[in-house]
Amino acid sequence: MQLTLVSHHLCPYVQRAAIVLLEKGVPFGRRWVDLANKPDWFRAISPLGKTPVLLADDTPVFESAVICEYLDETHEPRLHPADPLQRAQHRAWMEFGSAVLNTIWAFYTAPDAAALEARRDELRTKFEQLEAVVEGPFFAGERFSIVDAVFGPVFRYFDVFEALGEPSLFGGLPRVRAWRAALAQRPAVREAAVPDYRERLTQFLLDRRSELSRRIERQLASVK
Ligand SMILES: N[C@@H](CCC(=O)N[C@@H](CS)C(=O)NCC(=O)O)C(=O)O
C-alpha cells in the first residue's frame, strides 16, 4: 500500500503523523497544501478542510490521532503501550497535547499584552501538569510513544519563540526540560519538520498582527 501524507509546512498535527511514520520506518510520500487557498482535490478528501490527511492508496483517513492509531495498528514497532489502561492514558495525554496546541494558537494570536500574558500563564500551568506525569527521558520512560510524537511539535514552537526573545516557560520544571531536550535529539522528531521551518514559522507569526507579532518585530529590529 502506498502512503501519502497530505501536509502543511507548519502544521503540528501533520508533524505528529510524520513522526510516527518515521519512527516506524514506513516509506511515505508528501503532498503539500496551501491552507489559505484550499484546492478542490483537498476539500474532496478532507471533510473538515484540515491537514493532515493520510492517503492509503486512494483511501483518505483524516484526523491526526486517528491516523496515528491506524499506523500503530498496521506497522511495527507498536508505539502505544500494550496494556489497555495505559493505552487509554496515552490517548488522554495525546488529547492534552492538542489542548496545549490550542493554547499556543491563542498565545500567538493574542491581541494585546494582557491576553498574551494570560495565555502564557495557561501554558505554564499545562507544563506544570505535565511535570507531574512525565517519567523521562520520554513521556513514559525509555520507550518512545505516540505521546512523544504529539509533544515533539509542541516543544518546537518554543524553540522559535525563545529564539525570538520570548522568555522560557520551563524554569523549575526539570522533567519537562529533559523531555524537551530528548525529543529535540530524536531523529524522527527532527526530520518531521521542513528544513526552513524556523523561517516559515517566524514569517507566519509576524503575519498574525498580534501582540506577539509586534514583539517579534521589535526584537528583530533591535538585533539588526
Ligand atoms: N483535530 C485535527 C486538527 C488539525 C488542524 O487543526 N489542522 C490545521 C492546520 S495545523 C488546519 O488544517 N487548519 C485549516 C482550517 O482549519 O481551515 C487533527 O488532529 O488532525
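Mentor: A word on the record before we start: UniProt positions are given in the numbering used here, feature names are shortened, and annotations may be inferred rather than shown by experiment.
Trainee: Fine. Which residues does UniProt list for "domain: GST C-terminal"?
Mentor: Residues 83-204, according to the UniProt record, which is an unreviewed entry.
Trainee: And what should I know about the model itself?
Mentor: This is a predicted model: local features need pLDDT of at least 70, and side-chain atom pairs count only at pLDDT 80 or more, while totals for chains, interfaces and linings use all residues. Residues are numbered from 1 along each chain as its sequence is written, and side-chain values use heavy atoms, with hydrogens and water left out.
Trainee: How much helix and strand is there over residues 83-204?
Mentor: That stretch is 71% helix and 0% strand. Its end C-alpha atoms sit 41 Å apart. Helices (H or I, at least four residues) and strands (E, at least two) are DSSP runs, numbered from the N terminus.
Trainee: New topic. How many salt bridges does the structure hold?
Mentor: It holds 14. A salt bridge here is a side-chain nitrogen of Lys or Arg within 4 Å of a carboxyl oxygen of Asp or Glu.
Trainee: Where do Glu 128 and Arg 124 lie?
Mentor: Both are in helix α5, residues 113-131. They are 4 residues apart, about one turn of the helix.
Trainee: What about Glu 211, buried or exposed?
Mentor: Buried, with a relative accessible area of 11%.
Trainee: Which side chains does Glu 211 meet in a salt bridge?
Mentor: Arg 214 at 3.3 Å, N to O, and Arg 215 at 3.2 Å. Glu 211 and Arg 214 lie in helix α10, residues 211-222, 3 residues apart. Arg 215 is in helix α10 too, 4 residues from Glu 211. Arg 214 is partly exposed at 33%, and Arg 215 is partly exposed at 21%.
Trainee: Which residues are linked with them in a network?
Mentor: Salt bridges link Glu 117, Arg 120, Glu 166, Glu 211, Arg 214 and Arg 215.

Terms used: Buried < 20%, exposed > 50% of the residue type's maximum accessible area, 1.4 Å probe, protein only.
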